[in-house]
Amino acid sequence: MSEPGAPSFDWEHEVETDQSFENALSKARAGDRLDVDDATELLATGTDRAGLDRERTEAVLQAADQRRREVVGDEVTFIANVNNNVTTACNTGCLFCNFKDAASRFEGDDPEAGYTRTPAESREVVRDAVRRGVYEVCSVSGLHPALALDADHREALAGREGVNYRPPEVYGTDPGTYIEQLRAMAVDGVHVHSMTPEEAEHALRGTDRTYRETYTRLREAGLDSAPGTAAEILVDEVREAICPGKIDSAEWVQAMEGAAAAGLDLTATIMYGHVENIRHRALHLDVVRDLQDRTGAITEFVPLSFVHPNTPLYEQGLVDGGPSPAEDALMIAVSRLFLDNVDHLQSSWVKFGDERALQLLSCGADDLMGTILSEEITTRAGGTHGEFRSFDDYARMIRAIGREPVERSTDYRQRRPLPEDGPYGPRLGPRADGTPILDEPSLPADD
Ligand code: SF4
């Protein structure tokens, strides 16, 4: 087991408790509500010994698998979705990020400087996906300095210092406003999952608008649910180390409460396995469970294993890799046991790879993400799928581990077990008729 953060950071929160591993495990098996000490003991397989204990690990995983069976049964869900990230322009400088390009590079004509999509381009990406049966668009973007809520917000920010704003004319491509992007993506009945707390803060920066008001405006423009990403680790000493430019933990929670108050469903995430210690992971789970106790709006929890290549954390020698497979399994398992008020737990094949993602379905997880269609894939439909999972892939993979493949809607309110025989395609979307996603769409364009 790696010891995240141990060599470089002098944390206020240390990995020590007044609990024993055995007591914590007994509570977990009995279904008692766990506290932070319990979670710490389970994640560490006992703070009384160094490293992870194999037998204790197995006991925690079994308890979580049993809990999963009791809460959601043997179904494994997935969704037909497309990613449309509007821009990679961002000058926030998070040390774990390998996604962004410095915003200043977009002010020139650097062809390598990532991309920005106009609202019209976003609409085309989504519209093509919906014609193929996709019914969720997931959109998480960099904090482009020209992005603002709407034209009035742009006007209010223009010429001001300290609000991370530059006019769209400075850039090669105008991303439009958040409202324009959402209106563009909300086509043909698709579910729009977008606007993280960090993006919401960008959409209200320099104003006295509340998160609730901001999310209400976004909802009116077509937003259906908000992803609880940008959470990383919800303990400020860790955030100061890895993402000092981001909002703090309390503001992240405030933003999520604002989204829930605006009537939106939420998800929540943890991005773990970098500099933080096990105590931080337990504290994070506590923040999420408290938020869910107050809102009831979180539909799923998504543990995101830190992927270290090409990140400043790795390049600067602050980490020497990501979490071990055992840490990944324990993170899933303890999330299942601790979050007694969140039904669904995702295993991400993008983060873990197919084999491990399937293994984690036996450690407490019950959801296997989505197809993640992308524009690049549709333009070479029929070729190598790359980062795409077809419904046939899902049926084969999930049945191979003895579980039942079930198509779901974003909010889990609609569920459709796949029939015995394929070929398979989505049926829950407004244009979904069961045709496999990469087959040529049968419905004509309507404009
Ligand atoms: S705000 Fe998001 S895109 Fe920007 S650097 Fe941080 S993680 Fe990357």
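In which sense do strand β1 and strand β10 pair, and over how many bridges? The model is predicted; local features require pLDDT of at least 70 and side-chain atom pairs pLDDT 80 or more, while totals for chains, interfaces and linings use all residues. Residues are numbered from 1 along each chain as its sequence is written.

Strand β1 (residues 75-79) pairs with strand β10 (residues 404-408) in the parallel sense, over four bridges. Pairing requires at least two DSSP bridges between two strands. Strands (E, at least two residues) and helices (H or I, at least four) are DSSP runs, numbered from the N terminus. Phe78 stands opposite Glu407 in β10. The open sheet has four strands in the order β9-β1-β10-β11, with mixed pairing. β9 (367-370) and β11 (415-417) are at the edges; each has a single partner strand, so one side of each lacks a neighbour in the sheet.

The axes of helix α10 (residues 249-261) and helix α11 (residues 278-295) come within 11 Å and cross at roughly 25 degrees. Axes are lines fitted to C-alpha atoms, for helices over the stretch in contact; angles run from 0 to 180 degrees between N-to-C directions. α10 and α11 are therefore roughly parallel (angles under 35 degrees). In α10, Ser249, Val253, Met256, Glu257 and Ala260 meet Val287, Leu291, Arg294 and Thr295 of α11 (C-beta atoms, placed from the backbone, within 7 Å). These contact residues comprise five nonpolar, two polar and two charged. Ala, Val, Leu, Ile, Met, Phe, Trp, Tyr, Cys and Pro count as nonpolar, Asp, Glu, Lys and Arg as charged, and the others, Gly among them, as polar.

Definitions and conventions: Angles under 35 degrees count as roughly parallel, over 145 as roughly antiparallel, 65 to 115 as roughly perpendicular and the rest as oblique. Two residues are in contact if their C-beta atoms, placed from the backbone, lie within 7 Å.
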